[in-house]
Amino acid sequence: PSAEVGSDSEEVFVADALEALEPILEQRAILKIDIEGYEYPVLSRICPLLERIDIIYLEYHSEHDRRAIDQL
């Protein structure tokens with residue numbers, strides 16, 4: 001709870017990125033991720049699938065993150 005969001009809550013399902021994407025990701029894919037600073041850990045997790053993705057749109061949050069993402 002906070003002044004910005006109040007006291008309401010909602011239960012959400014969290015899935016493993018590799019397990020969620022592997023069965024549905026086909027060749028020639030475009031992936032857009034917006035996960036507020038968690039881009040590198042998720043991209044690292046789906047590394048085996050990166051060759052199936054032609055374009056990745058993302059927003060990185062630091063120069064360190066950009067360099068790490070470039071290395072993938």
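Of the 72 residues of the protein chain, 24% count as buried, where buried means under 20% relative accessible area, exposed over 50% and partly exposed in between, with a 1.4 Å probe and protein chains only. This is a predicted model, in which local features need pLDDT of at least 70 and side-chain atom pairs count only at pLDDT 80 or more, while totals for chains, interfaces and linings use all residues. Residues are numbered from 1 along each chain as its sequence is written, and side-chain values use heavy atoms, with hydrogens and water left out.

**The whole chain**

Select the protein chain and colour it by secondary structure: there are 3 helices and 2 strands, and the pattern read along the sequence is α-β-α-β-α. The radius of gyration is 15 Å, well over the 11 Å that the globule rule gives for 72 residues, so the protein chain is more spread out than a compact globule. Helices here are DSSP runs of H or I with at least four residues, and strands are runs of E with at least two, numbered from the N terminus; the radius of gyration is taken over C-alpha atoms, and the globule rule is 2.2 Å times the number of residues to the power 0.38. Along the principal axes, the C-alpha trace spans about 45 × 30 × 15 Å.

**The nonpolar core**

Next select Leu 25, Leu 31, Leu 43, Ile 46, Leu 49, Leu 50 and Ile 53, which touch the most other members among the 14 residues of the largest nonpolar core. Such a core is a set of buried Ala, Val, Leu, Ile, Met, Phe, Trp, Tyr and Cys residues joined through side-chain atoms within 4.5 Å. The elements α1 (17-21), β1 (29-32) and α2 (39-45) each supply at least two residues of this core, and its largest share, 3 residues, comes from α1.

Centre the view on Ile 46, which touches Ala 17, Leu 18, Leu 21, Leu 31 and Ile 53 when residues up to four places away in sequence are not counted; contact means heavy atoms within 4.5 Å.

Move to Cys 47, in the loop between α2 and β2 (53-57), which is partly exposed with a relative accessible area of 34%. A distance drawn from Cys 47 to Leu 18 gives 8.5 Å, C-alpha to C-alpha, for two residues 29 apart in sequence.

Asp 54 comes next, in strand β2, and counts as partly exposed at 41% relative accessibility. Leaving aside neighbours within four places in sequence, Asp 54 is in contact with Arg 28 and Ala 29; Arg 28 is 26 residues away in sequence and 5.6 Å away in space, C-alpha to C-alpha.

Select Glu 36, in the loop between β1 and α2, where phi is near 45°, a positive value in a residue other than glycine. Most residues other than glycine have a negative phi. Glu 36 counts as exposed, at 60% relative accessibility.

Finish at Ala 68, in helix α3 (residues 63-71), which is buried with a relative accessible area of 18%.
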